[in-house]
Amino acid sequence: MATYDLVVIGTGPGGYVCAVRAAQLGMKVAVVEKNATLGGTCLNVGCMPSKALLHASEMFEEAGHSFAKMGVSVSAPKLDLPSMMNFKQQGIDGNVKGVEFLMKKNKIDVISGKGKILGTGKVEVSGGDGKTQTVETKNIVIATGSDVARLKGVEIDEKRIVSSTGALALDKVPSKLLIVGAGVIGLELGSVWHRLGAQVTVVEFLDRILPGMDGEVAKQFQRILEKQGFAFRLGARVTGVDTSGKTLSAQIEPAAGGKPETLEADVVLVAIGRVPYTEGLGLKEAGVALDNRGRVQIDAHFATSVKGVYAIGDVVAGPMLAHKAEDEGVAVAEILAGQAGHVNYDVIPGVVYTTPEVSAVGKTEEELKQAGVVYTVGKFPFTANGRSKVNQTTEGFVKVLADAKTDRVLGVHIVGREAGEMIHEAAVLMEFGGSAEDLARTCHAHPTRSEAIKEAALAVGKRAIHM
């Protein structure tokens, strides 16, 4: 029986990255994966396939609505949904094969089956053939990710009532799509199907979209989506869905209480968030403590309550983001190797991959107000950015939040084309404790959208040039 330095349970971005870094540091490593393919939710039924469909549907939309005004004449585009799904699958396959290659390259053993922690140094793996084996290891990392959050009284069948998984694999465009939840997943998948022809209505319990993001950003972005054709029912909840008819009938009532109403839909997408995946891991029996939200409790070094057992990613506290899990995976591997692994949770960017995109890093205005931090704001609209003007993609703005005393940048928020690619200069600046002045004095190539970030930094000191 092989004895490992590290066994990682789960091969999503957190798990496989942790395994690779540990192998780089000279450890003998194995990963345990219950699914037929590596890569976890992100690569198989999450981030990556959704980006493929977002890109393909955006091209479809551009061909149908934007080409003509640029002097490009094409006949009206026709949707071939099976081919689009094949395009998505090709992307998944390529990424999954990439992870398989990394396992081989780094001499990491892949053990197929469901992992269960028997205590310090022991993982039981139950294979699909019913056989079990016990793997001995010095350290265990739980990287099992998250699962879809369920809505009470609404049963997901992945055909008509779908989670994000089913919404990535519909065999036809629904005439009416009802989305429960105005978070990132709901708005991204809503964008895909809206571009392909669905009438989209989003029901959100809160009185705003994109909970947790900057309020001003969320408001402007909601207006942009409404202009595109989204309908929003905020401050409302879905209490049930009648599946007996040809079309679905969703019961909706105000969150504060009041008269219920009914909305018809062909497909209902439940996108109310995700919950830590701990099923079958044997955590209770092994003595691994969970918090009141079902997340694995860890200390500052990712250690659980059981010696030699660590946890990272969606299964622990913090934003449920693949890149956060990756950074934690690297950090725990380095800690196990006696190095100073660390994650700076104040500089973790987040992106909504719609069109336009929304991106953010650091604090929102609401968070700074709540913490009593005195801050200055610099804003710059893409309507005043040369590149955006000539491309006729002027929706959105950049907002830079800086400490009023020190000028240190505390948060940057962007709504606009390619916002997800633009946020990283802010992340690098903040990682090094940079100021708005530093950003404002850094030469930016012209003409680029990124000049709007420089201008927003100049606006912190009330000296933007083009506004």
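A salt bridge is a side-chain nitrogen of Lys or Arg within 4 Å of a carboxyl oxygen of Asp or Glu. Keep that rule in mind as you move through the model. The model is predicted: local features need pLDDT of at least 70, side-chain atom pairs count only at pLDDT 80 or more, and totals for chains, interfaces and linings use all residues. Residues are numbered from 1 along each chain as its sequence is written, and side-chain values use heavy atoms, with hydrogens and water left out.

**Stop 1: a charged network**

Select Asp214, Glu216, Glu365, Lys379 and Lys399. Salt bridges link these residues in a network. By the rule above, the count comes to 19 salt bridges.

**Stop 2: two strands**

Now select Lys122 and Glu136. They form a salt bridge, with the closest N and O atoms 3.6 Å apart. The pair links distant parts of the chain: Lys122 sits in strand β5 (residues 122-126) and Glu136 in strand β6, 14 residues apart. Strands (E, at least two residues) and helices (H or I, at least four) are DSSP runs, numbered from the N terminus.

How covered are these two? Buried means under 20% relative accessible area, exposed means over 50%, and partly exposed is in between (1.4 Å probe, protein chains only). Lys122 counts as partly exposed because its relative accessibility is 36%. Glu136 is partly exposed too, with a relative accessible area of 27%.

**Stop 3: helix α9**

Select residues 322-336. This is helix α9, with 15 residues. From first C-alpha to last, α9 reaches 21 Å, close to the 21 Å expected at 1.5 Å a residue. The expected span is 1.5 Å times one less than the number of residues.

Pick out Glu328 and Lys324. Their side chains meet in a salt bridge (3.3 Å, N to O). Both lie in α9, 4 residues apart, about one turn of the helix. Other buried residues of α9 include Ala325, Gly329 and Ile335.

What covers the buried residues of α9? The cover includes α1 (13-24), β6 (132-142) and β17 (309-311). Then step past the end of the helix. Gly338 follows α9, and its phi is positive, near 85 degrees.

**Stop 4: a link between loops**

Select Arg449 and Glu418. Their side chains meet in a salt bridge (3.2 Å, N to O). This pair links distant parts of the chain, 31 residues apart. Arg449 is in the loop between α14 (436-440) and α15 (451-460), and Glu418 is in the loop between β22 (409-416) and α12 (419-422). Arg449 counts as buried because its relative accessibility is 9%. Glu418, at 44%, counts as partly exposed.

**Stop 5: a lysine without a partner**

Go to Lys88, in helix α4. Lys88 is buried yet has no salt bridge. Which side chain of opposite charge is nearest to Lys88? It is Asp93, 9.8 Å away. Here Lys and Arg count as positive and Asp and Glu as negative; His and the chain ends are not counted.

Show the neighbours of Lys88. Leaving aside those within four places in sequence, Lys88 is in contact (heavy atoms within 4.5 Å) with Pro49, Ala52, Leu53, Leu168 and Ala169.

**Stop 6: a buried alanine**

Last, select Ala426 in helix α13 (residues 424-431). At 0% relative accessibility, Ala426 counts as buried. Ala426 touches Val361 and Val412, not counting residues up to four places away in sequence.
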